[in-house]
Amino acid sequence: MAIQSKISGTGFYVPEKILTNENLSKMVDTSDEWIFQRVGIKKRHISADNEVTSDLAANAAKAALKNAGISSKDIDLIIVATFTPDKLMPSTATQVQRKINAKKAAAFDISAACSGFVYGLTMADQFIKSGFYQNILVIGSEVLSRFLDWQDRNTCVLFGDGAGAVVLSANHADNGPGIKYATLGADGFVAPEWLEIPAGGSAMPASKESVEQKLHFAAMNGKEIYKFGVQIIPKTINKLLDKNGYTIKDIDLIIPHQANVRIVEAAAKRLGIPKEKFFMNIDKYANTSAATIPIALDEAVQQNKIKKGDKIIFIGFGGGLTWGAVLYEW
Ligand code: ACO
């Protein structure tokens, strides 16, 4: 009998503090109208001073475990996708292990920016289908607020903090719910400046100058990333449909990375489908990078937008450049 990688639980967590567009307009030269019209965001959540990425991740993980009805002691592996880890070392995943008391779990982080959750889910699928592990926590968690220049209106209005998680479990069955197909891609040949945190790594260790020049904050070329997003969503979805002999009509819901509502609208137009086929919640949480897809998934589940047998596509894209999509049957 085959093994299906089934999502047995979903959960998310966002910090209590809310920062609205109106609040932001008192910090930088911007307006609610500009942010909402250009990006589709109304507000975002910001971590408390004592909250770190592994705290958000652990809270999302606890919610997913509760939803799955399994104990943290049954988790074999914790994968945390993040580019805003607690520390460069040790991994954020090991701190989640401690905070949820998942004693037997292995744990590691992956770095694929906003595609991190789709990369993590695909990796977990391989561990499960090979029979190596039974239950894996895949978490996207970001405290982006600590990596933003709050005086730079080009970036600070776009992002928020949050975490989303799924429990992926082995289901011994020839068909039924599970991951049916996955595709990943990367293009490290384009300019890294399109989306990067220039300093803090081996290329530019922290120095007085790097701090003064604000090189530890996220920097991006918004126009290039916009163009990339608009073309990579339809291209990747069409590849996934072709490989599985489906048309877009066979798909019930698409849960995309939430970077900009206009990117998704333009992609929907190119695919010839109504934008309502995409589940969006960027208005409430902004772009939480690796966390956007699992947060949106849990909200879609809670809002009864997904029913048994539905075919769903998760699609991520981001820094690297990286992208990926997963076809899931609910
Ligand atoms: N408030 C008010 N005005 C602003 C703001 C702001 N927050 N930011 C920029 N502007 C101004 C600019 O200065 C410019 O003014 P000017 O015409 O006087 O020079 C004007 O608005 C237009 O700026 P553009 O950069 O041309 O605006 P654009 O329509 O390209 O939108 C945006 C910018 C929203 C960043 C868009 O390029 C975008 O969404 N890009 C994708 C980036 C993204 O999603 N990044 C997320 C991380 S990547 C990821 O998740 C995959």
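Biologist: How far is the polar side-chain atom of W34 from an oxygen atom of the ligand?
Modeller: In this predicted model, a polar side-chain atom of W34 and an oxygen atom of the ligand are 3.3 Å apart.

Biologist: And R262, how far is its polar side-chain atom from a ligand oxygen atom?
Modeller: For R262 the distance from a polar side-chain atom to an oxygen atom of the ligand is 3.4 Å.

Biologist: Which part of G222 lies 2.9 Å from the ligand, side chain or backbone?
Modeller: The backbone: a polar backbone atom of G222 lies 2.9 Å from a nitrogen atom of the ligand.

Biologist: How much of the ligand does the protein bury?
Modeller: The protein buries 75% of the 1000 Å² that the ligand exposes when taken alone.

Biologist: Which elements give two or more residues to the shell around the ligand?
Modeller: Those elements are α2 (32-39), α6 (153-156), α8 (222-244) and β12 (311-318). The most comes from α8, which gives four residues.

Biologist: Which residues come nearest to the ligand?
Modeller: There are 23 residues around the ligand, and T30, R38, K223, H257 and N260 come nearest.

Biologist: What is the make-up of that shell by class?
Modeller: The shell around the ligand has 11 nonpolar residues, seven polar ones and five charged ones.

Biologist: Why is the ligand said to lie between the two domains?
Modeller: Because domain 1 (4-171) and domain 2 (178-280 + 287-329) both give residues to the shell around the ligand, it lies between them.

Biologist: Changing topic to the backbone: which peptide bonds are cis?
Modeller: One of them is the bond from M89 to P90, with omega near 0°. The bond from G320 to L321 is also cis, with omega near -10°. For context, most peptide bonds are trans.

Biologist: Where do P90 and L321 lie?
Modeller: P90 is in the loop between β4 (77-81) and α4 (92-100). L321 is in the loop that runs between β12 and β13 (322-329). As noted, β12 also gives two or more residues to the shell around the ligand.

Biologist: What about K214, is its phi positive or negative?
Modeller: The phi of K214 is positive, near 60°, in a residue other than glycine. Most residues other than glycine have a negative phi.

Biologist: And where does K214 lie?
Modeller: K214 is found in the loop between α7 (208-212) and β10 (219-220).

Note on methods. Residues numbered from 1 in each chain as written. Predicted model: local features only at pLDDT ≥ 70, side-chain atom pairs only at ≥ 80, totals over all residues. Heavy atoms only, no water. Near = heavy atom within 4 Å. Polar contact = N/O pair within 3.5 Å; in protein donor to acceptor, adjacent residues only side chain to side chain. Areas by Shrake-Rupley, 256 points an atom, 1.4 Å probe, with all protein chains shown as cover. Nonpolar A, V, L, I, M, F, W, Y, C, P; charged D, E, K, R; others polar. Domains from an automatic or database assignment.
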